[in-house]
Amino acid sequence: MAKVAFLGLGVMGYPMAGHLKVRGGHDVTVYNRTAAKAERWAAEFGGRAAATPAEAAKGQEFVFACVGNDDDLRSVTVGTDGAFETIASGAIFIDNTTASAEVARELYAAAGAKGAHFIDAPVSGGQAGAENGVLTVMCGGDAEAFDKAKPVIEAYARMVGLMGPAGAGQLTKMINQICIAGLVQGLAEGIHFGKKAGLDIENVIDVISKGAAGSWQMENRHKTMNAGKYDFGFAVDWMRKDLDIVLAEARRNGAKLPVTALVDQFYAEVQALGGSRWDTSSLLARLEK
Ligand SMILES: NC(=O)c1ccc[n+]([C@@H]2O[C@H](COP(=O)([O-])OP(=O)(O)OC[C@H]3O[C@@H](n4cnc5c(N)ncnc54)[C@H](OP(=O)(O)O)[C@@H]3O)[C@@H](O)[C@H]2O)c1
């Protein structure tokens, strides 16, 4: 049993912190900007709610975070009343936010100045993956800190990998999002074409999902896409935030991402249709408008 804090009880963080308490059996203190959510979590799981990140992080061996973007992450770490004000020497900060590789390197150095460790550890698997504790976690940081953190992270994960030094977890998550962007557009075009051709989409997917075209998106999203339902899942706003990070990194490293850049613009059109909170499979709605 370890002493653990968790900062950010959103769609992802709330169940992840719950798994650390229930499945991991750890002593968990939570912090959430909207305090009522932290109180609700503490009542549900029997942990402690702290008023600030600094208070939550004090005396902990592991401090987790899952907030929105780079600035949110800076705010709960190096901001006023941030976790780095109190983080113990030797403690390990594990960041599950999808953020830039740049902020990961910056916070790795800031944690190091306090004698603490920082691991960027973005996740894949969505809300269902968080609720079922089967996320994929892509880590960047030092091997020694990773080896200590891995068994704790495993409370909410099915796969935990060290991808390289600080920032490598975020770079891997960028690859994950690049692969998803083009794939979802392809799936949307396939279903759109199938409908125009007058075919039974369920029947088509039933057959082709067993062949080379099969994918997680096809298995898990074709039914809702076919029904035009998008009010759930991984929000278009979040995907645009992620693609913004990806395209900025590509401008730095010179990678050519023509399809990713195009799909990012398609998502802007989905936002204009009112789909900011729709699932990313809503690329089909744009083709059908
Ligand atoms: N949802 C998914 O399917 C999914 C999948 C993979 C990765 N992710 C990534 O995981 C992260 C969290 O996603 P989510 O879906 O859990 O988001 P969410 O439901 O919007 O939750 C965001 C959390 O961050 C907190 N927060 C935001 N800005 C803050 C700030 N400046 N200071 C303190 N706390 C702040 C929020 O507090 P309040 O409660 O006060 O608003 C909330 O607890 C994002 O980086 C997202 O890209 C999400």
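Which residues does UniProt list for "domain: 3-hydroxyisobutyrate dehydrogenase-like NAD-binding"? The unreviewed entry gives residues 167-285; positions follow the numbering used here, feature names are shortened, and annotations may be inferred rather than shown by experiment. The model is predicted, so local features need pLDDT of at least 70 and side-chain atom pairs pLDDT 80 or more, while totals for chains, interfaces and linings use all residues. Residues are numbered from 1 along each chain as its sequence is written, and side-chain values use heavy atoms, without hydrogens and water.

**View 1. The span 167-285 from the UniProt record.** Its end C-alpha atoms are 35 Å apart, and the span is 71% helix and 0% strand (DSSP runs: helices H or I, at least four residues; strands E, at least two).

**View 2. The shell around the ligand.** Among its 25 residues (a heavy atom within 4 Å of the ligand), Asn32, Thr34, Lys37, Gly68 and Lys241 come nearest. Helix H4 (70-77), helix H6 (126-132) and helix H11 (236-253) each supply at least two shell residues. Because domain 1 (3-164) and domain 2 (171-288) both give residues to the shell, the ligand lies between them; the domain bounds come from an automatic or database domain assignment.

View 3. A backbone N or O atom of valine 11 is 2.9 Å from one oxygen atom of the ligand. For a polar backbone atom of valine 67, the distance to a ligand oxygen is 3.2 Å. The side chain of tryptophan 238 has an N or O atom 3.5 Å from a ligand oxygen. The protein buries 88% of the 910 Å² that the ligand exposes when taken alone (Shrake-Rupley method, 1.4 Å probe).

Methods: A polar contact is a pair of N or O atoms within 3.5 Å; within protein, one must be able to donate a hydrogen and the other to accept it, and residues adjacent in sequence count only if both atoms are side-chain atoms.
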